[in-house]
Amino acid sequence: MSDGLRESQINRWALSPTQTGMWRAGEIDPARAVFRGGEYIEIHGPVNRILFEAALQQAVREADTLHVRFGVDDGEPWQTAGATPAWSMDFVDVSSEPEPRAVAERAMRQELSASLDLHKDRLFGHMLFRVTADRYFWFHHQHHLVMDGASTTLIVRRVAELYTALVEDRLLDETPFGSVQDLLEEDVAYRRLSQYADDGRYWRERCAGNPTPTQLSSHAGAGPAEPLRHTGYLSPHATEAVRAALTRTGARLSRLAIAAMAGYVHRLTDNRDVVLSMAVTARTTPLARTTPGMRTNVLPLRLDLRPGMTGAELLANTTDGIRELPAHQRYWGDQLSQELGRPVGFGPSVNVWPFNYDLTFGGFRTTTYSMSMRHVEDLLLSVYDRSDGNPLRIDLDGNTSRHSPEEVRTHHDHFLVFLERLAASIATDDGPIGGLDLLGPTRRSQVLEQWNDTARDLPTARLAHLFEARAHQAPDAIAVRCGASTVTYRELNERANRLADRLIARGIGPEQVVALALPCSPALIVAMLATLKAGAAYLAVDPEYPAGRVAFILDDARPVCLLTTVEIRDTLPDHAIPELVLDLAHAPDDRDGHPVPDPTDADRTHAASLLNAAYVIYTAGSTSVPKAVVVTHAGVPSLASLREQLRMDEASEVLQFLSPSFDGMFWEVFITLLAGATVSMAPAGRELVGPALGELVREQGITHVALPPSMLAELPADSLPTDITLVVASEACPPELVQRWSKGRRMLNSYGPSEMTVCATLSDPLRGRVVPPIGKPIANAKVFVLDVALQPVPQGTVGELHLSGPGLARGYLQRPDMTAGRFVANPFGKPGTRMYRTADLARWRHEGDLEFVGRADRQVKLRGFRVELDEVEAVITGLDAVAQAAVVVHTAPSGHEHLVAYVVPAPGAVVDAGQVRAAIADALPSYMVPSEIVTMDALPRTPNGKLDRDVLSARHRGACRTPGWRPTMAARQRCAVCSPRCSAHPRSASGVHSEQDVRRRRRRGRGCAGCGAARRPCEG
């Protein structure tokens, strides 16, 4: 059988690519009903059940596709024509039931979901329900291995003809059906024609560049699953708008429905290259049009859309795209998918069903209802055009492995809104599709107003004034603790006042920047407060940063003064900034011990205001050049109000843990001081890694701590006391960590980019194994989840997170172009208000909480597929043997890209790479399974504690190796200090402390002791 299609000795045919996929799925799960179609026809009149079954029996005899049997030889399925099966129609009387339709539909669904043995069982069935004496339901169902939608139409019409002829006692017409054997032979012949090759070439050209499958799902599905269905009807007003659009353009309803789906997908995904799955009959010959059998095909409809196009242009674009399909519709879509190296399916599907059949049974009219359980890759939109003047019925089916019931319902609701707005736009030739509302008035008000109802009357004072008020209220309370030494609020305020006087005496005041190159110590907090009291903005410079990074920051920020120590000054790069060197052995300028009053505007160079800069912080730039964010005092009152949610008061001890160059330190220090609590700092030289961190927390009686999730993952499960308040921030927190650490503790999830005053949203206390939300906006902040046209997206839909409110940063220091691009006008606020485009992806949950989905730049395209790296990591970290995971894209010298997963085993566990890949393959499509699994003892981090993905990428490229160099055993042992940065030591147990050692060595101009790795700037 050279062509693999037919054996010569008996009539056996290979299955089509589409049939093969259905066969494999049915073999794996016989109870799966996704490849079975069904509908019921309501007959508005009495039915003679004897004659009706006779008509059915005759139709089954004529439709020999229902006689086909299936078998397997050497693992390959085949089909052959068999004898007419013995069967009978089931008759059910539901007329005595209080709700006969509900009872009948329940029985239909049970029949559709019954397990099937594809080798033995009959692949079709018929039931007749008596509802009343003059109303009946005829339910028929069939497996798509043998029948498609066009076949159903043929058989339904034939049954109506046969039954009516029997009722009227007329001779039966000769069967109009062709033979399924001839239909199969016709497909064999097509594959031998040049047209087959031409069609294949056409589709490969249409799919040039292997466009990403368009999906509206919240996550990738693992395969076929039972569909969820949500049914609704267009309102009379919306139906009128649709009819008006069709009348104006002369288009068919099917074209408008497809255009609306394409536009809806475009709006929700921001994709210009939109691909839909188009179901076609593939019946281009007289034989095919009259022969029941499986011939339906699914092919891609690829459209180029843009937000600025009008509704009429969208409809015309869609019509042009559809017009080319019929000439090439016989080329199997499943085969095309295989040739493109991708799973079956191209995107959301659209079907327009031309119901009613316009049939009568014995002279009585009918109404048709779909009960189909057809397979749905992502979403399937079904529009039923009854042509009877009633509102249009629209169903939306969703794959349960991709969508929740709430998501399907939400998509359905919003599609109806979009369809109505699109139709009205086409009818009136008004406006671009990017401006069409997706939400409707109620839901729009919910996401823009109700879930942003955060207005609070808070003190409008600069940070220094708020601190001074707290210091005067409880001067003898402990403000800062560092080991055994303490500083009271009075002492902290007076030391800051003395240093502020010195700064003011140098002419330093509002809108000037003071750099602080100081160790994490009470003196750093004094310097921060002193700078703020002088009216200036502080710029914390981490002394552990590489010399190149420090030089860049000092040159770029142009501070008017640098506060440092003798020891640190000697390690800094050359600069021309005036210095003020502090003696940390004594209180700053503590000459006579007399109190120094709080500075006022009369003392400062000029008056300070709430809109003056408070601090400047550098963050990584998209061009790899760090950029400085300028943050004002305006957001401090909102930040300080978080003490209520954090349950922070005068008795609280808050761990100061984060790097001074990380805005999280602002949170640790100033929320604490403004609450009257104690900032607890680790003594110099004290390790804060793993168990050592837990020991410090217990020793100092810490009540509140904020940690990046990746650092929390390294702590032993019992290292933090159960009554502590634990805030996770700066990274997405996996469900496993929530489950492990929320029990007995008050655990909250915080979100805020550097362009906001530290925090924009905060969750309620977390419990159990959940994907933690980032919560709701804090006091006076507003958050918007928007599409590319800056329109709010529906709840449950991913969009870009935008932030607004008094905590919004002023912008980027000396970068007006970049500021203008990211800080844009707020279309939902008062004139003159702005919002920040975060490039973070998020979605609203139904209760008004926000869920962080990932960075826009964490979404990669691999071999034509869009891959969310966070989603792959979530599956890996869900394994018991894995504590942490990071996934990166590696590009081989050949240019081939593949995924590499780095995993840290759970304590006492051993990671089996094969088991990890198998687990991923069970949960995600094959293109999301990493090619390599690399085990590490610790993941590399930036100085701020965030995962350093650049190091992972460099590590896989062998960045520390030189050509021809092979590490000796001694080099491997010495290279523990270089940890995962060096390929000489593929597994390191040194953790964060070793990373700090590496930074020190590099800042001092040395390389790695083991491999000679050169200095490398750290983005932080």
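Strand 3 and strand 4 (residues 76-80) run antiparallel and are joined by 5 bridges in this predicted model. Strand 11 (residues 349-353) is largely enclosed by the rest of the structure, because 4 of its 5 residues are buried. A search for disulfides across the whole structure finds 0.

- In general, the strands of a sheet pair through backbone hydrogen bonds, in either a parallel or an antiparallel sense.

**Strand 11 and its partners**
- Strand 11 pairs with strand 14 (residues 379-384) in the parallel sense, through 5 bridges.
- In this pairing, Val 350 lies opposite Leu 381 of strand 14.
- Strand 11 also pairs with strand 9 (residues 273-280), again parallel, over 2 bridges.
- Here Ser 277 stands opposite Ser 349 of strand 11.

**Cysteines**
- The search of the whole structure returns 0 disulfides.
- Cys 482 is accordingly in no disulfide, and the nearest cysteine sulfur, that of Cys 520, is 9.6 Å away.
- Cys 482 has a relative accessibility of 15% and therefore counts as buried, the cut-off being under 20%.
- Cys 207 also counts as buried, because its relative accessibility is 4%.

Notes
Residues are numbered from 1 along each chain as its sequence is written. This is a predicted model: local features need pLDDT of at least 70, side-chain atom pairs count only at pLDDT 80 or more; totals for chains, interfaces and linings use all residues. Side-chain values use heavy atoms; hydrogens and water are left out. Buried means under 20% relative accessible area, exposed over 50%, partly exposed in between (1.4 Å probe, protein chains only). Two strands pair if DSSP finds at least two bridges between them. A disulfide is a pair of cysteine sulfur atoms within 2.5 Å.
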